[in-house]
Amino acid sequence: TTPASTGVERARVTLVQVYATVRDQQGGHIMDLDRKDFTVLESGRPQEIAVFSAERKPANLVLLLDTSTSMKQDEKLDTAQRAAIGFVEALEPDDSAALLAFSDVPRMLQERTSSKEALRPAILSTEAKGGTALYDAILAAVELLKGIEGKKAIILLSDGRDESVDGLGPGSAHTFEEALDAVLRSETAIYAIGTGEKLEEQPDFDHRHTLGEILETLSSRSGGRAYFVRKAGKLGGAYRRIEDELRHQYTLAYY
């Protein structure tokens with residue numbers, strides 16, 4: 001039997017990874033910077049950059065696709081499927097992606113894989129029906145990336161508010177705040193594509209935020225970006241811009 005230790009202090013040291021995108025005034029990527037050009041602050045205090053790289057890092061992704069009833073309108077789902085397949089085709093061999101569709105509940109259609117041959121039929125298998133469990137789907141996507149090191153991102157496509165198929169209640173068991181908290185804790189970026197008319201004006205189910213505010217907050221707070229596409233035919237362009245940004249990022253890390 002050993003005596004209990006007294007006065008022992010334990011400290012947990014975490015390597016925090018940060019991915020930075022730098023653009024010029026014309027929107028082009030700037031990729032010739034080095035470590036001294038960056039300053040990292042945590043709670044206002046400068047941090048020593050322990051890791052710096054301008055090389056493209058493999059991306060661990062979850063494609064999160066809204067397949068609620070509203071996606072039937074104007075063949076929106078068909079267009080979204082083609083755009084998502086185009087995104088998958090542009091992935092690098094070291095990248096991996098899982099496919100999660102959501103309507104009343106999130107559904108795993110393809111576990112994380114680097115096989116484009118596996119992802120294509122999974123995307124084409126989606127059908128539009130049911131309500132929109134947006135926040136439950138985000139938490140499910142975060143869980144899929146849990147414990148994975150390196151660059152992580154959720155590529156979200158949605159056209160509506162979180163609500164049940166009859167419009168009489170919310171679609172998720174979780175709230176917007178819970179979804180946002182889970183995303184931030186997981187250090188996962190959300191790239192959101194909002195498709196539909198006047199998302200910046202339409203209120204959520206509780207009339208606390210607009211749909212545009214929700215997607216913008218999830219993206220900007222997590223280090224991603226939100227794109228709003230009024231016409232389904234332009235979804236492919238939004239996916240291409242996301243893929244381009246993932247290719248052109250600096251990797252920084254500090255303890």
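**Figure 1. Secondary-structure elements around the largest pocket of the predicted model.** β1 (16-20), β8 (151-158), α4 (176-185), β9 (189-195) and α5 (211-222) each contribute at least two residues to the lining of the largest pocket. Of these elements, β1 gives the largest share, with 4 residues. The lining of the largest pocket comprises 29 residues, and those nearest the pocket centre are Gln17, Lys152, Ser186, Glu187 and Thr188. The space in the largest pocket amounts to about 720 Å³. Sorted by class, the lining residues of this pocket are 12 nonpolar, 9 polar and 8 charged.

**Figure 2. The second largest pocket.** For the second largest pocket the computed volume is about 270 Å³. Its lining is made up of 20 residues. Ser70, Asp159, Gly160, Arg161 and Glu163 lie nearest the centre of the second largest pocket. The class division of the lining of the second largest pocket is 2 nonpolar, 13 polar and 5 charged residues.

**Figure 3. The largest cavity and its lining.** By the rule used here, the model has 4 cavities of 30 Å³ or more. The volume of the largest cavity is about 80 Å³. Its lining includes Leu134, Tyr135, Ser158, Asp159, Gly160, Arg161 and Asp162. Also in the lining of the largest cavity are Leu199, Asp204, Leu211, Ile214 and Leu215. Helices α3 and α5 each supply at least two of the residues lining the largest cavity. The most comes from α5, which gives 3 residues to the lining of the largest cavity. By class, the residues lining the largest cavity are 6 nonpolar, 2 polar and 4 charged. Asp159, Gly160 and Arg161 line the largest cavity, and these residues are also among those nearest the centre of the second largest pocket.

**Figure 4. Packing of α4 against α5.** The crossing of the pair α4 and α5 is right-handed. On the α4 side the contact is made by Phe176, Leu180, Val183 and Leu184. On the α5 side the contact is made by Ile214, Thr217, Leu218, Arg221 and Ser222. The contact of α4 with α5 has 6 nonpolar residues, 2 polar and 1 charged. One of the α5 contact residues, Ile214, also belongs to the lining of the largest cavity.

**Figure 5. Packing of α3 against α4.** Helix α3 (residues 134-144) packs on α4 with an angle of about 15° between the axes, which lie 9 Å apart. The angle is under 35 degrees, so α3 is roughly parallel to α4. The crossing of α3 and α4 is left-handed. From α3, Tyr135, Ile138, Leu139 and Val142 take part. These residues meet Phe176, Glu178, Ala179, Ala182 and Val183 in α4. The class division for the contact of α3 with α4 is 8 nonpolar, no polar and 1 charged. Phe176 and Val183 of α4 meet α3, and both Phe176 and Val183 are also in the contact with α5. Tyr135 of α3 is in the contact with α4 and also lines the largest cavity.

**Figure 6. Packing of α1 against α6.** Helix α1 (residues 76-89) and helix α6 (residues 235-247) have axes 8 Å apart, at an angle of about 25°. An angle under 35 degrees is the reason why α1 counts as roughly parallel to α6. The crossing in which α1 passes α6 is right-handed. Lys76, Thr79, Ala80, Ala83, Ala84 and Phe87 make the contact from α1. Leu235, Gly236, Tyr239, Ile242, Glu243 and Leu246 make the contact from α6. Sorted by class, the contact of α1 with α6 has 8 nonpolar, 2 polar and 2 charged residues.

Conventions
Residues numbered from 1 in each chain as written. Predicted model: local features only at pLDDT ≥ 70, side-chain atom pairs only at ≥ 80, totals over all residues. Heavy atoms only, no water. 1 Å grid on protein atoms, 1.4 Å probe; cavity = no way out; pocket = protein on both sides within 12 Å on 5 of 7 lines; lining within 4 Å. Points joined across faces, edges and corners; volume = space filled by probe spheres on them. Nonpolar A, V, L, I, M, F, W, Y, C, P; charged D, E, K, R; others polar. Axes fitted to C-alpha atoms, helices over the stretch in contact; angles between N-to-C directions. Left-handed = near helix turned anticlockwise from the far one by under 90°. Contact = heavy atoms within 4.5 Å. Parallel < 35°, antiparallel > 145°, perpendicular 65-115°, else oblique.
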